[in-house]
Amino acid sequence: MSTVEIVSFGYLHDAPPTAHLTIDLRHHFRDPHVSPELRYMTAEDAPVRAAVLGTPGITALVDATATAVTAFAAGPSAGTVTVADGCAGGRHRAPTFALALAERLRSEGHRVTVAHRDLHRPVVQR
């Protein structure tokens, strides 16, 4: 099967990385940053992952993105398919989505790497 690179990032830190698919999670999915108890946590914490994955529509987006990755991988030119997914700060939604997508793609036989560009950056004060 194909190789897939997933990079999560925060739009407030720098420009999106170059990718075949870029998923913008900023406006349509619940932001754990607005909850004081979750703000200083990251996707490494179970409560953050539960909050993000419990947002209506997120599972359907993981499924749709996995389908798009498979379509790219089936194309005539071999090579790594890169997916970038971003939220505001890169600590909550984007890395959680990246991990869920990686799990889904691995279950389909893809080789997947995941990098979280901004996960350990300081919380953006907004």
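**Exercise 1. How many of the 7 residues of E3 are buried?**

Ground rules come before the solution. This is a predicted model, in which local features need pLDDT of at least 70 and side-chain atom pairs count only at pLDDT 80 or more, while totals for chains, interfaces and linings use all residues. Residues are numbered from 1 along each chain as its sequence is written, and side-chain values use heavy atoms, without hydrogens and water.

Step 1. Helices (H or I, at least four residues) and strands (E, at least two) are DSSP runs, numbered from the N terminus. Buried means under 20% relative accessible area, exposed means over 50%, and partly exposed lies in between (1.4 Å probe, protein chains only).

Step 2. Count. In E3, 7 of the 7 residues are buried, so the strand is largely enclosed by the rest of the structure.

Step 3. Check each face. In a regular strand, side chains alternate between the two faces of the sheet. Val81, Val83, Asp85 and Cys87 of E3 lie on one side. Thr82, Ala84 and Gly86 lie on the other. Both faces are covered.

**Exercise 2. Work out the strand order of the sheet and name its edge strands.**

Step 1. Pair the strands. Two strands pair if DSSP finds at least two bridges between them. E1 (residues 3–10) and E3 (residues 81–87) pair in the parallel sense over 7 bridges. E1 also runs parallel to E4 (residues 111–116), joined by 6 bridges. E2 and E3 are parallel too, over 4 bridges.

Step 2. Find landmarks. Phenylalanine 9 stands opposite glycine 86 in E3. Valine 4 has valine 81 as its bridge partner in E3. Isoleucine 6 faces valine 114 in E4. Threonine 22 is partnered by alanine 84 of E3.

Step 3. Assemble. The 4 strands form an open sheet in the order E2-E3-E1-E4, with parallel pairing. E2 and E4 are the edge strands, each pairing on one side only. The twist averages 15 degrees from one strand to the next.

Step 4. Contact means heavy atoms within 4.5 Å.

**Exercise 3. Describe how H2 packs against H4.**

Step 1. Take the geometry. H2 (residues 46–53) and H4 (residues 93–107) pack at about 80 degrees, with their axes 9 Å apart. Axes are lines fitted to C-alpha atoms, for helices over the stretch in contact, and angles run from 0 to 180 degrees between N-to-C directions.

Step 2. Classify. H2 is therefore roughly perpendicular to H4. That class covers 65 to 115 degrees; under 35 is roughly parallel, over 145 roughly antiparallel, and the rest oblique.

Step 3. List the residues. H2 uses Val48, Arg49, Val52 and Leu53. H4 uses Arg93, Thr96 and Ala100.
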